[in-house]
Amino acid sequence: MVTIACLGLALRYMKMLDELHNNTVGAEERRQQMNKFDDLFDEKEMAEPERSEKITERGAVELEKVFFSYDKSKPLLKDISFKVEANEMCALVGPSGSGKTTIEYLMSRFYDVDSGTVKVGGVDVRNLKTEDLMKEIS
């Protein structure tokens, strides 16, 4: 009878330790996510023009000699140039980490290029107000 009681207490104690471990691991995961938010909030706001330049090629997207890196020691995009005319379809294909999503981020001006130009509607995205740029992207 004592053995059964000891086993029951040991199992209960193990369950409590398991819950404590899971809560500790969960708190650490949330802390890491919050650090990412801190980094995001520490970013400087990008300059935006008071007025957008006039869209000249509605629906067109062009990258001219684009260089970009998230980490200056590891360039990601090097001398990328292409143009997609209005009403054309284009597919960006490549392995994970090759820059497909980064090109989308640059077109949406979530980031600015290190050098080169990203144009949407025939206008450098840096010369468009965010509201006007978002109207051009779908």
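Reply: In this predicted model, Tyr111 has a relative accessibility of 34% and therefore counts as partly exposed, since that class lies between the limits of 20% and 50%. Phe68, by contrast, is buried, because its relative accessibility is 4%, and buried means under 20%.

These two residues belong together. A search of the whole structure finds five aromatic pairs. One of them joins Phe68 and Tyr111, whose ring centres are 5.7 Å apart, with 55° between the planes; the pair is tilted. Phe68 belongs to strand β1, while Tyr111 sits in the loop between α2 and β3, so the pair links distant parts of the chain, 43 residues apart.

Another tilted pair is formed by Tyr105 and Phe110: the centres of their rings are 5.7 Å apart and their planes meet at 50°. Tyr105 is partly exposed at a relative accessible area of 32%, and Phe110 is also partly exposed, at 48%. The residues of both pairs, together with Tyr70, make up one aromatic cluster, formed by Phe68, Tyr70, Tyr105, Phe110 and Tyr111.

The surroundings of the cluster may be described next, beginning with the sheet. Strand β1, which holds Phe68, is part of an open sheet of four strands in the order β2-β1-β3-β4, paired in the antiparallel sense. The edges are taken by β2 (77–84) and β4 (123–124); each has a single partner strand, so one side of each is left without a neighbour in the sheet. Strand β1 covers residues 61–68 and pairs with β2 over five bridges, again antiparallel. Within this pairing, Val61 has Val84 in β2 as its bridge partner. Helix α2, residues 100–107, packs on the sheet and touches β1, β2 and β3 (115–120). The direction of α2 makes about 115° with that of β1.

Note on methods:
Residues numbered from 1 in each chain as written. Predicted model: local features only at pLDDT ≥ 70, side-chain atom pairs only at ≥ 80, totals over all residues. Heavy atoms only, no water. Pairing = 2+ DSSP bridges. Helix = DSSP H or I, 4+ residues; strand = E, 2+ residues; numbered from the N terminus. Contact = heavy atoms within 4.5 Å. Axes fitted to C-alpha atoms, helices over the stretch in contact; angles between N-to-C directions. Phe/Tyr/Trp six-rings, centres within 6.5 Å; stacked < 30°, edge-to-face > 60°. Buried < 20%, exposed > 50% of the residue type's maximum accessible area, 1.4 Å probe, protein only.
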